[in-house]
Amino acid sequence: MTTSKRLAERKNARFQKNVTRRGSVPESSAKKGSDYPIGPILLGFFVFVVLGSSLFQIIRTATSRGMA
C-alpha cells in the first residue's frame, strides 16, 4: 500500500468516526434553558422604566386635558 493511499484511508476513517458521533452532545456541554441572557435585576429595572414612563405620560396627558 502506498503512503498516499494509507493517509487517505486514515483520513477517511477519522471522518467516518466523526459521522457516527454526530448529534451526540454530552450533557455537560449542552445549554440549559433556565439561564436568562440578562439578569433579573436589569430586567426589573427595564420594566420599571418602561412602565413608569408610560404611567407618567398618561398622568401628564390627563392633567393637561389632552393638550400635550
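F45 lies in helix α2, which covers residues 40-63; helices here are DSSP runs of H or I with at least four residues, strands are E runs of at least two, and numbering starts at the N terminus. The model is predicted, with local features requiring pLDDT of at least 70 and side-chain atom pairs pLDDT 80 or more, while totals for chains, interfaces and linings use all residues. Residues are numbered from 1 along each chain as its sequence is written, and side-chain values use heavy atoms, without hydrogens and water.

F45 is exposed, at a relative accessible area of 51% (exposed, over 50%; buried, under 20%; partly exposed in between; 1.4 Å probe, protein chains only). A nonpolar surface patch with about 980 Å² of accessible area together includes F45, F46 and F48. Patch members have over 30% relative accessible area and no salt bridge, with nonpolar side chains joined within 5 Å and like charges within 9 Å; a salt bridge places a Lys or Arg side-chain nitrogen within 4 Å of an Asp or Glu carboxyl oxygen.

An unreviewed UniProt entry assigns a transmembrane region to residues 38-59, an annotation that may be inferred rather than shown by experiment. This span is 91% helix and 0% strand, and its end C-alpha atoms are 31 Å apart.

R14, located in helix α1 (residues 3-21), is exposed, with a relative accessible area of 55%. Together with R6, R10, K11 and K17, R14 forms a positive surface patch. Overall, the protein comprises two helices and zero strands, and buried residues account for 0% of its 68 residues.

Methods
Accessible areas come from the Shrake-Rupley method with a 1.4 Å probe; for residues, only the protein chains shown count as cover. Lys and Arg count as positive and Asp and Glu as negative; His and the chain ends are not counted. The place of a charge is taken as NZ of Lys, CZ of Arg, CG of Asp or CD of Glu.
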